[in-house]
Amino acid sequence: MRTWVLTIILSALPAIAQNGANSPPVTVNAAPAAAAQLLIPAGTHVPIALKQAISSKGSREGDPVYAETTFPVVGPDGRVLIPAGTYVQGRISNVKRGGHLKGKAEVLMHFTTLIYPSGYTVMLPGSIDRAPGVDKSSVKDQEGTIKSDSQAAEKVGAIATSAGSGALIGGVTNGGKGALIGAGIGGAVGTAIAMLTRGNDIKMDAGTTLEMVIQRDVPVDAVQVPANTGKSSH
């Protein structure tokens with residue numbers, strides 16, 4: 001019996017080998033290709049508008065910053081990299097009020113996140129490059145610090161005006177000597193007013209326009225970024 005079974009198996013082996021030789025090769029699926037990526041290059045300028053008010057008087061270090069892009073950012077090949085209506089989120093890094101006699105008000109903010117209309121989120125380092133919508137201020141350093149303009153000339157003028165008014169009053173009431181006394185009193189009053197008055201505060205209402213600059217290359221998933229340049233419905 002065993003010999004008969006072994007004979008059957010041995011006789012079947014050539015047929016099995018032949019069938020194996022004629023079988024089509026087994027195809028192993030290759031790993032899926034990596035998702036296509038776009039690159040937002042370092043130095044890209046992004047126009048944004050604030051979604052909430054910020055000021056050197058009312059804002060504090062660590063407060064969140066919310067903004068929205070106002071115009072599409074397009075790459076060299078014409079592909080949209082950041083559509084209009086993309087949300088931008090960040091934080092206030094430093095706030096300083098203007099001094100009484102010297103020292104300018106400052107606001108420093110950094111941006112950390114882009115949130116596309118689809119909900120796709122990208123981390124980034126961004127800072128302020130220009131502040132065209134902020135009155136009586138300018139961006140003074142590479143960190144993007146917004147500083148108020150100096151009021152030194154205005155305060156000197158206030159002191160001089162007070163001194164002149166005091167001299168006029170003193171001259172009318174007591175003659176030449178009175179004019180000198182009046183000028184001194186007026187000058188002291190002007191100095192006191194200047195010391196009690198702070199420098200210009202930085203005020204940015206909701207809707208204030210700023211220009212953000214992206215500080216390093218930021219890769220984004222092309223599938224998640226709409227290819228059209230249509231305006232957002234926000």
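I started with Arg97 and Asp201, whose side chains meet in a salt bridge at 2.8 Å, N to O. I noted where each one sits. Arg97 is in the loop between strand 7 and strand 8, and Asp201 is in the loop between helix 2 (152–196) and strand 12 (203–204). The pair links distant parts of the chain, 104 residues apart. Arg97 is partly exposed, at 31% relative accessibility. I kept in mind that this is a predicted model.

Next I looked up Lys96. Its side chain forms a salt bridge with that of Glu106, 3.6 Å from N to O. Lys96 belongs to strand 7 (residues 87–96) and Glu106 to strand 8 (residues 106–115), so this pair ties together parts 10 residues apart in sequence. I then checked accessibility at both ends. Lys96 comes out at 38%, so I put it down as partly exposed. Glu106 has a relative accessible area of 13%; that is under 20%, so I wrote it down as buried.

I asked which residues salt bridges with shared partners join into one network. They are Lys96, Glu106 and Lys147.

Then I turned to Glu68 and Lys51. Their side chains meet in a salt bridge of 3.1 Å, N to O. Glu68 lies in strand 4 (residues 64–69), while Lys51 lies in the loop between strand 2 (45–50) and strand 3 (54–55). I logged this pair as a link between distant parts of the chain, 17 residues apart. Lys51 is partly exposed, at 45%.

Last, I took down the count: 5 salt bridges.

Notes
Residues are numbered from 1 along each chain as its sequence is written. This is a predicted model: local features need pLDDT of at least 70, side-chain atom pairs count only at pLDDT 80 or more; totals for chains, interfaces and linings use all residues. Side-chain values use heavy atoms; hydrogens and water are left out. A salt bridge is a side-chain nitrogen of Lys or Arg within 4 Å of a carboxyl oxygen of Asp or Glu. Helices (H or I, at least four residues) and strands (E, at least two) are DSSP runs, numbered from the N terminus. Buried means under 20% relative accessible area, exposed over 50%, partly exposed in between (1.4 Å probe, protein chains only).
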